[in-house]
Amino acid sequence: MRTASEIIRNEKDLAFDVHRVRADFPILKQKIYGKPLVYLDNAATTQKPQAVIDALVHFYANDCANIHRGVHLLSERSTRAYEDTRTRLKRFIHAADEKEIIFVRGATEGVNLVAQSFVRPRLERGDEILISAMEHHSNIVPWQILCEEKGARLRIIPMTQQGELRLDEYEGLLGPRVRLVSIAHVSNALGTVNPVRRMIELAHRRNIPVLVDGAQAAPHLRVDVADLDCDFYTFSGHKMYGPTGVGVLYGKSALLEAMPPYQGGGDMISSVTFEKTIYNRLPYKFEAGTPNIAGGIALGAAIDYLEALGMERIASYEHELLKYATETFSQLAGVRLIGTAKEKASVLSFVVDGVHPHDVGTILDQEGIAIRTGHHCAQPVMDFFNLPATARASLAFYNTREEIDALAAGIRKVTEVFS
Amino acid sequence: MPDLRELYQEVILDHHKRPRNCRKPGDANKHADGYNPLCGDKVSVFLRVEDGVVRDIAFQGSGCAISTASASMMTESLKGKSETEVEQIFERFHDLVTGKTDAGDVAGLGKLAVFSGVRDYPVRVKCATLAWHTMKAALDESQETVATE
């Protein structure tokens with residue numbers, strides 16, 4: 001039998017010690033206009049723990065060399081460190097094999113790669129690509145470009161006023177001409193967690209492949225591509241505490257094998273003559289040119305950091321914080337939340353009566369509070385709610401209840417200035 | 001630290017709440033549209049110019065307090081001015097909000113001097129100048145939408 005003190009100690013271990021976590025992020029220690037920084041723009045980019053910063057510095061100070069080609073020790077070290085990240089990423093999203101993990105610049109490039117290498121060769125006049133009403137521009141524009149070129153149609157899964165996708169309508173849209181469904185796992189503008197597992201199942205019943213834009217999901221939820229059974233999944237390193245300029249495209253190996261390369265260049269070939277080039281095997285076939293080596297290695301450090309905290313614990317802490325923030329917002333006069341889906345993660349999009357979001361942002365900035373204002377690269381979402389823009393506070397696991405209180409006080413100041 | 005009250009002065013808040021000349025005149029002979037993709041601000045500026053003089057000027061649009069107040073006060077200060085005078089006021093206003101001239105150097109700007117606080121908020125300069133650039137495009141009879149990005 002365990003003693004009482006042992007039980008208490010274990011409970012402490014389970015609890016999320018946010019103040020200890022904050023100490024890992026040097027940027028959070030600073031003051032803005034003499035006030036503590038309250039960073040609530042995590043959906044745009046997250047801050048980096050010391051371990052990630054150290055990994056970047058360590059690479060450039062000790063191991064800097066190009067990968068996959070040198071016979072010398074530095075190249076061997078950098079190659080190993082870079083490929084180690086691939087292994088960690090495979091584990092992190094539960095992929096079957098390292099070769100299914102393609103390094104890209106970010107989720108935007110992941111979507112473009114699927115558009116150009118997977119969809120483009122098989123898209124014909126009159127075919128359809130299905131996306132949702134809450135997509136980021138990066139999951140709209142690549143499809144528009146493709147549809148325009150091929151005479152295909154971009155169709156939209158509608159949503160409710162709460163910001164939930166209409167699954168009944170979705171089923172009806174899964175017609176015989178649909179060549180791909182591409183949907184956000186979590187909406188960056190509304191915070192909605194979409195029922196992607198169910199949506200993938202419905203698409204697969206009609207043999208339609210699915211790409212999931214996981215840019216806003218990977219930092220907040222446990223991602224399991226095997227359980228989702230998605231065909232492609234893409235996300236960005238910088239939104240999950242890693243560096244900018246590196247991200248991942250996961251693809252089922254059978255699909256990736258059959259796809260032509262995305263870009264031509266070094267590293268993606270196994271032999272070149274002027275008559276014929278033989279492409280490299282997976283995953284290198286899709287990785288032309290020298291990649292963001294330091295970024296890739298540091299992304300590995302970010303994965304280690306997240307796994308040490310535990311994605312389930314992160315999700316549960318953030319869920320409580322979002323609940324607290326949502327309740328706090330309901331007490332604020334003249335403030336309306338945009339996006340009130342039952343399943344949400346991290347995001348509080350809001351408007352203040354009679355005050356433009358840009359003015360809200362400037363006044364909060366003076367209080368040391370960083371939020372995003374504007375259309376969040378999701379103009380169709382703004383049009384749907386008939387708003388020019390919203391203010392958006394987006395949470396990370398290093399945010400605290402005190403910071404939510406500071407945000408609420410800041411918003412009260414906004415209404416005061418404009419009263 | 002810049003003082004918030006310098007940016008959101010009473011007169012600016014007043015013009016934001018009750019914008020002047022916010023209408024579409026039927027007899028305008030010059031018009032242009034402006035758009036700030038950063039914050040989604042949209043403005044249309046209408047002018048009636050006769051014999052080189054601005055007889056009427058009005059605007060319509062949606063935007064933040066700074067951009068709405070700037071458009072509103074612009075219409076008040078430019079009505080009755082010659083195109084040459086408009087040009088001069090535009091230059092002075094632009095220099096004031098971008099910090100090219102001293103905050104105190106507001107000769108000829110009248111009430112527009114309240115926008116001197118904008119210089120401390122570089123990302124807000126575009127809000128203050130959107131209506132002005134749009135007005136300029138209307139005078140120059142540019143057909144393209146003015147974008148501040």
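# Notebook: a predicted two-chain model

Residues are numbered from 1 along each chain as its sequence is written, while chains are lettered from A and ligands numbered from 1 in the order in which they are written.

Asn207(A) sits in the loop between α8 (196-205) and β8 (210-213) of chain A. Helices here are DSSP runs of H or I with at least four residues, strands are runs of E with at least two, and both are numbered from the N terminus.

Then I looked up Tyr241(A), which is not a glycine either and has a positive phi near 75°. I located Tyr241(A) in the loop between β9 (232-236) and β10 (247-251) of chain A. Is Tyr241(A) buried or exposed? Tyr241(A) has 28 C-beta neighbours inside 10 Å, so I put it down as buried.

I also checked a peptide bond: the one from Leu282(A) to Pro283(A) is cis, with omega near -5°. Pro283(A) belongs to the loop between β12 (277-279) and α11 of chain A.

Another proline, Pro26(A), is in the loop between α2 (18-22) and β1 (31-32) of chain A. Pro26(A) counts as exposed because it has 12 C-beta neighbours inside 10 Å. I looked across to Lys48(A), 22 residues away along the chain, and its C-alpha atom is 8.1 Å from that of Pro26(A).

**Helix pairs in chain A**

Two packed helices are described by the angle between their axes and the distance between the axes. The axes are lines fitted to C-alpha atoms, for helices over the stretch in contact, and the angles run from 0 to 180 degrees between N-to-C directions.

I took α4 (residues 73-93) and α11 (residues 293-309) of chain A, which pack at about 45° with axes 8 Å apart. That makes α4(A) and α11(A) oblique to each other; under 35 degrees counts as roughly parallel, over 145 as roughly antiparallel, 65 to 115 as roughly perpendicular, and the rest as oblique. α4(A) passes α11(A) in a left-handed crossing, meaning the near helix is turned anticlockwise from the far one by less than a right angle, with clockwise being right-handed. Among the contact residues I listed Tyr82(A), Arg88(A) and Phe92(A) from α4(A), and Ile297(A), Leu299(A) and Ile303(A) from α11(A). Contact here means that the C-beta atoms of two residues, placed from the backbone, lie within 7 Å. The contact residues of this pair come to 8 nonpolar, 4 polar and 3 charged.

Next came α13 (residues 357-366) and α15 (residues 401-417) of chain A, at about 120° with axes 9 Å apart. α13(A) and α15(A) are therefore oblique too, and α13(A) passes α15(A) in a right-handed crossing. Val360(A), Ile363(A) and Leu364(A) of α13(A) meet Gly410(A), Lys413(A), Val414(A) and Val417(A) of α15(A). I sorted the residues of this contact into 5 nonpolar, 1 polar and 1 charged.

**Whole chains**

I counted 15 helices and 17 strands for chain A, and 47% of its 419 residues count as buried. The C-alpha trace of chain A spans about 70 × 55 × 50 Å along its principal axes.

Chain B has 5 helices and 4 strands, in the order α-α-β-β-β-α-α-α-β along the sequence. Of its 149 residues, 42% count as buried.

What does chain B touch chain A with? I found 14 residues of chain B in contact with 16 residues of chain A. The chain B side of this contact divides into 10 nonpolar, 3 polar and 1 charged.

Conventions: This is a predicted model: local features need pLDDT of at least 70, side-chain atom pairs count only at pLDDT 80 or more; totals for chains, interfaces and linings use all residues. Ala, Val, Leu, Ile, Met, Phe, Trp, Tyr, Cys and Pro count as nonpolar, Asp, Glu, Lys and Arg as charged, and the others, Gly among them, as polar. A residue is buried if 20 or more other C-beta atoms lie within 10 Å of its own, exposed if 12 or fewer, and partly exposed in between; C-beta atoms are placed from the backbone.
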